[in-house]
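The following exercises concern one protein structure. Please examine the sequence and the model before reading the solutions.

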Amino acid sequence: AWGGFVKIRGFEGMVAGVEGRVDTAHDWSERHNARPGQAQRSFCGPVSQRDIQRVLTVMLELLKLLRKADASSDRRTDAIRCVVTAVYFSYVARLDPSTKEREKAKDREELLGKLDAILRSDSGIKALLPGATMLNVKTEVIRAIINRKNVDIPPGVALIDSLAENLLMVLISVVSPKPKLPVAIVGKPGSGKTLCIRIIEE
């Protein structure tokens, strides 16, 4: 899967960070079927093999797109950036920061904080991405792939962050191998849901 060119120190830490905040289907079932007073708080739904496959698919497609956008960039750094971005889209993005449910908004910040701590503490990642945060890495990857040089954005259309995110994930869904990666675009009016489909179609 890695093309034989990279072995990432810190990838295990990133995975462990996610595992610390999500449950396997069995753990989730055990926790939520426990007697009252025994269940521990868990803010994520169960994580299945499909979740893991989704992370790997997103990561590999991001890596391909990033290499096409800038073939001269460092491969190890690109691989780490793509892992971080794939984890963001597969897990963190599910926890909507604008939700009215306070617990979900709090959980999102808590998960981001835990994953950012891994980025800061792992010496291998720090050497390649000094001072990185998950949101910064995600934004850099999106901007490297989705920009006016690489994508034909209609004149007068502002390439706002939400539109760029939507474009990237729809593009990954289109280019991913079979079975195709399903994507649901959710957002407020004006966030580029319909526009991103039209741009991809054109």
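## Exercises with worked solutions

Of the contacts (heavy atoms within 4.5 Å) between residues at least 6 apart in sequence, 59% join residues at least 24 apart. The model is predicted, so local features need pLDDT of at least 70 and side-chain atom pairs pLDDT 80 or more, while totals for chains, interfaces and linings use all residues. Residues are numbered from 1 along each chain as its sequence is written, and side-chain values use heavy atoms, with hydrogens and water left out.

**Exercise 1.** Describe the secondary structure and the burial of the protein.

*Solution.* Begin with the elements: the protein has 9 helices and 2 strands, which are DSSP runs numbered from the N terminus (helices: H or I, at least four residues; strands: E, at least two). Their order along the sequence is α-β-α-β-α-α-α-α-α-α-α. Next, consider burial (under 20% relative accessible area, 1.4 Å probe, protein chains only): 41% of the 202 residues are buried.

**Exercise 2.** Characterise helix H8 and identify its packing partners.

*Solution.* Helix H8 covers residues 161-175. Its 15 residues reach 21 Å from first to last C-alpha, close to the 21 Å expected at 1.5 Å a residue; the expected span is 1.5 Å times one less than the number of residues. The buried residues of H8 include Leu163, Glu165, Leu168 and Ile172.

**Exercise 3.** Which residues surround glutamate 165?

*Solution.* Excluding residues up to four places away in sequence, glutamate 165 touches Tyr88, Phe89, Lys138 and Ile142. With lysine 138, the contact is polar and joins the two side chains at 2.7 Å. A polar contact is a pair of N or O atoms within 3.5 Å; within protein, one must be able to donate a hydrogen and the other to accept it, and residues adjacent in sequence count only if both atoms are side-chain atoms. Tyrosine 88 and phenylalanine 89 are both buried.

**Exercise 4.** Locate the largest nonpolar core.

*Solution.* A nonpolar core is a set of buried Ala, Val, Leu, Ile, Met, Phe, Trp, Tyr and Cys residues joined through side-chain atoms within 4.5 Å. The largest has 45 residues, and Leu62, Ile145 and Leu168 are among those with the most contacts inside it. H4 gives the most to this core, with 8 residues. Finally, inspect isoleucine 145: beyond its neighbours within four places in sequence, its contacts include Leu62, Leu65 and Leu168.

Technical notes
Buried means under 20% relative accessible area, exposed over 50%, partly exposed in between (1.4 Å probe, protein chains only).
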